[in-house]
Amino acid sequence: MLITALYQKVSMKIFALLLSLFYAANGAAAAPSTAAPIKSEQANMSFVAIADSQVSTYLFSRYKTFVSAAQDIVNNAGSFDALCFVGDIAENGLAEEFQLVYDGIKDADCRFITVTGNHDIRLRSYKQSSKRFADFTNALNGDEAMEKMHYTQVVNGYKFIVLGSDRTEFEEAYLSPEQLAWLDSELAAESGSGKPVFVLCHQPLAYTHGLPRAILGKYENVFLISGHEHTGFGQYTYQEIDGFYSINLPSFGITNKDGEYNDPGTGYVVEVYDDTVVFKARDFGKGIWLPDYDLALPIK
């Protein structure tokens, strides 16, 4: 368990009771279908990419959505190598919220790569919120690999570069000059490998932020994966910018907007091959594929 203080344990028991009463009155979370399982045996590496669950201790319907969608991921444990959670995991960055998420996804049997979102860190000191976030991630992985909010992970020979705000901000992320220099050096280290590199940042890049775009555009086969916008699958999901690929994930916990498919519980299963990266759209809440929103992006 992540929560050890007595008063927090008591509060979780009370909350669990409230949840049970709520579900008794409104129906429990629907189990996802098992008719279309996740299968990526032929890929060199595969991972699940989701964002914006924003699990809350008082927004019961949002938690209900999370439970159903997370169950689909757990049901398919062993068929993918990593779960990338691209920010806004918890609505208010509370220990109880992170505990609920931990309990829902801990049995996914993969490497967990997590990214701080504004909701995860904005309501308390940066030192406190970043430690809580790192403790949550390290508990999932069973090690102490996450020390800072920006870090790298290598899964089956493929690099993930995680960007995280260097200070508390309410909506945006602040990437310091030191972090940007680190990003440049990490990308340079992979230059010429012919492999894709996955850069994860909760907030998508604004067009006015010339420096990060310039760094990403210097290198081939960079895939920037973000969240934050709560925009459903459709015309705003993908674009190629300055030579790198930018993919914005829909919300995993909240009904989306401005897309062609706006249901919550959605995200991608990503399969990496020798010459292509395939993003397979999935409604995890229902356990179904959404092939109209798949992406097949060539490795250059």
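Visitor: In which loop does Thr231 lie?

Guide: Thr231 lies in the loop between β7 (222-226) and β8 (238-241). Strands are DSSP runs of E of at least two residues, and helices are runs of H or I of at least four, numbered from the N terminus. This is a predicted model, in which local features need pLDDT of at least 70, side-chain atom pairs count only at pLDDT 80 or more, and totals for chains, interfaces and linings use all residues. Residues are numbered from 1 along each chain as its sequence is written, and side-chain values use heavy atoms, with hydrogens and water left out.

Visitor: Why is Thr231 called buried?

Guide: Buried means under 20% relative accessible area, exposed over 50%, and partly exposed in between (1.4 Å probe, protein chains only). Thr231 has a relative accessible area of 9%, and is therefore buried.

Visitor: What makes Ala51 count as buried?

Guide: Its relative accessibility is 0%, so Ala51 counts as buried. Ala51 is found in the loop between β1 (45-50) and α2 (60-75).

Visitor: Which residues does Ala51 touch?

Guide: Contact means heavy atoms within 4.5 Å. Not counting residues up to four places away in sequence, Ala51 touches Phe85, Val86, Gly87, Gly227, Leu249, Pro250, Ser251 and Phe252.

Visitor: What makes a set of residues a nonpolar core?

Guide: The set consists of buried Ala, Val, Leu, Ile, Met, Phe, Trp, Tyr and Cys residues joined through side-chain atoms within 4.5 Å. In the largest nonpolar core, of 65 residues, Phe47 and Phe279 touch the most other members.
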